[in-house]
Amino acid sequence: MSPKHVIFKKVSRDKAVVVYMAKRDFVDHCDFVDPVDGVIVIDPVQLKGKKVYVMLSCIFRYGREDMDVMGMAFRRDLFLVTRQVYPELQDKEKLTHTKIQQKLLRKLGDNAFPFFFEFPDNLPCSVALQPGPSDVGKKCAVEFEVKAFCGENQNERIDKQSSVRLSIRKVQFSPEDSKVVPVADSTFEFLMSEKPLHVKMSLPKETFYHGEPVKVNIEITNSSSRNIKDISVSVEQVTNVVLYSNDKYIKSVAKEETSDSVPSGTSLKTEYTLYPQLAHNKDRRGLALDGRLKHEDTNLASSSIVKQEVLKEVLGILVSYKVVLRMMASGTVGSSDVSLEVPFRLMHPRPEPVKDGESDEMLFEDFKRACLKGVIYGDDDESPSEA
């Protein structure tokens with residue numbers, strides 16, 4: 001028996017338009033991006049002769065939306081395209097690109113019309129910085145949105161009663177395993193010490209999945225006259241807000257402070273395990289998170305994969321991860337900080353492809369936008385207000 005297709009729908013307040021979409025996450029496969037497609041059902045009586053448009057946008061936001069008119073917030077449209085859906089400019093057959101659109105059109109009748117968008121290959125993925133407890137209503141995020149609205153033309157002021165806004169996500173999954181083993185290997189020399197300190201740090205693989213422990217292998221050969229103590233190892237998230245002000249946030253998302261030491265003339269070979277998870281960093285301001293769509297918790301932002309031909313400034317927010325080893329080398333003539341770091345990727349595994357069955361059975365669910373902690377969204381997914 002073929003499984004039912006889950007279809008998400010959103011109805012305008014005056015019921016003039018209803019939007020149906022089969023998914024909310026659209027995958028960037030690096031060489032192409034899943035297209036955004038769906039179906040709109042219109043009520044000709046409610047429209048009163050107006051046209052119906054659909055808009056796909058990618059927006060970078062910084063600050064509070066309700067302060068935008070005072071110059072206290074920043075917004076830039078990274079991508080914006082609008083298409084007329086009704087009256088149709090082409091035959092439905094030419095505008096129908098997917099099997100699920102065909103099934104929806106058969107089920108929803110003559111007042112159903114398809115829409116279809118393709119992403120350019122230079123857009124960022126959905127990401128947001130976690131607000132702090134005092135940052136109610138504030139946001140720094142890259143967001144994607146599908147908006148359906150009615151009007152005499154696409155440039156007139158949008159009537160909220162006759163419009164629908166749906167937040168979607170653009171996501172990346174882990175690429176094929178590169179077989180690269182991240183390694184950092186360095187020698188440190190100290191004043192008044194004839195021989196050096198040798199430190200090696202390695203990870204078993206380049207890409208780890210969200211929720212997976214990160215195992216760190218450490219080898220320290222201390223031939224110096226210094227004593228090594230205060231050894232710690234941590235996972236750090238590095239977030240560059242490159243579009244707004246080139247701000248950089250470096251946050252430790254997992255850390256182990258050890259009691260291990262390596263006296264002069266000895267060595268240490270050991271393994272530490274770190275757990276970089278949002279569950280351990282719930283209220284930390286400025287952490288980058290994957291974009292939210294539902295009420296359940298999200299996760300730490302996935303590593304950004306930047307295509308060679310794309311300018312970093314276009315990407316809004318770039319996220320990377322590294323393991324950092326720190327220690328103190330103490331001696332009779334003073335102490336020195338020693339550190340070593342290894343980059344890695346933190347991502348979601350690529351899911352198994354879902355086969356499009358022949359069943360026409362569909363399960364319809366209301367399309368709801370995420371609620372950030374301390375933020376309330378209205379029924380029309382407008383800007384947040386204070387809780």
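This is a predicted model: local features need pLDDT of at least 70, side-chain atom pairs count only at pLDDT 80 or more; totals for chains, interfaces and linings use all residues.

Visitor: Which residues is Ser-57 in contact with, leaving aside its neighbours within four places in sequence?

Guide: Ser-57 contacts Phe-79, Leu-80, Glu-143, Phe-144 and Glu-145. Ser-57 belongs to strand 5 (residues 51-64); helices (H or I, at least four residues) and strands (E, at least two) are DSSP runs, numbered from the N terminus.

Visitor: Is Ser-57 buried or exposed?

Guide: The terms work like this: buried is under 20% relative accessible area, exposed is over 50%, and partly exposed is in between (1.4 Å probe, protein chains only). Ser-57 has 3% relative accessibility, so it counts as buried. Ser-126, in the loop between strand 7 (112-117) and strand 8 (127-129), is buried at 8%. Not counting residues up to four places away in sequence, Ser-126 touches Val-142, Phe-144, Ile-168, Arg-169, Lys-170, Asp-290 and Gly-291.

Visitor: And how does His-29 compare with those cut-offs?

Guide: His-29 is partly exposed because its relative accessibility is 23%. This residue sits in the loop between strand 3 (25-27) and strand 4 (36-42). Beyond its neighbours within four places in sequence, His-29 is in contact with Asp-34 and Arg-350.

Visitor: How many salt bridges does a search of the whole structure find?

Guide: Here is the general idea: side chains of opposite charge can pair when their charged atoms come close. A salt bridge is counted when a side-chain nitrogen of Lys or Arg is within 4 Å of a carboxyl oxygen of Asp or Glu. The search of the whole structure finds nine. One of them joins Arg-61 and Glu-143 at 2.6 Å, N to O. That pair links distant parts of the chain, with Arg-61 in strand 5 and Glu-143 in strand 9 (residues 138-151), 82 residues apart. Both Arg-61 and Glu-143 are buried.

Visitor: What about the salt bridge of Lys-205?

Guide: Lys-205 meets Glu-212, again with 2.6 Å from N to O. Lys-205 is partly exposed at 24%, and Glu-212 is partly exposed at 22%.

Visitor: Now the sheet: in what order do its five strands lie?

Guide: In general, strands of a sheet pair through backbone hydrogen bonds, either parallel or antiparallel. Two strands are taken as paired if DSSP finds at least two bridges between them. Here the five strands form an open sheet in the order 13-20-19-15-16, with mixed pairing. Strand 13 (207-209) and strand 16 (247-257) are at the edges with a single partner strand each, so one side of each has no neighbour in the sheet.

Visitor: How many bridges join strand 15 to strand 19?

Guide: There are 13 between strand 15 (residues 227-241) and strand 19 (residues 317-331), and the two run antiparallel. To find one of them, look at Lys-229, whose bridge partner in strand 19 is Met-328.

Key:
Residues are numbered from 1 along each chain as its sequence is written. Side-chain values use heavy atoms; hydrogens and water are left out. Contact means heavy atoms within 4.5 Å.
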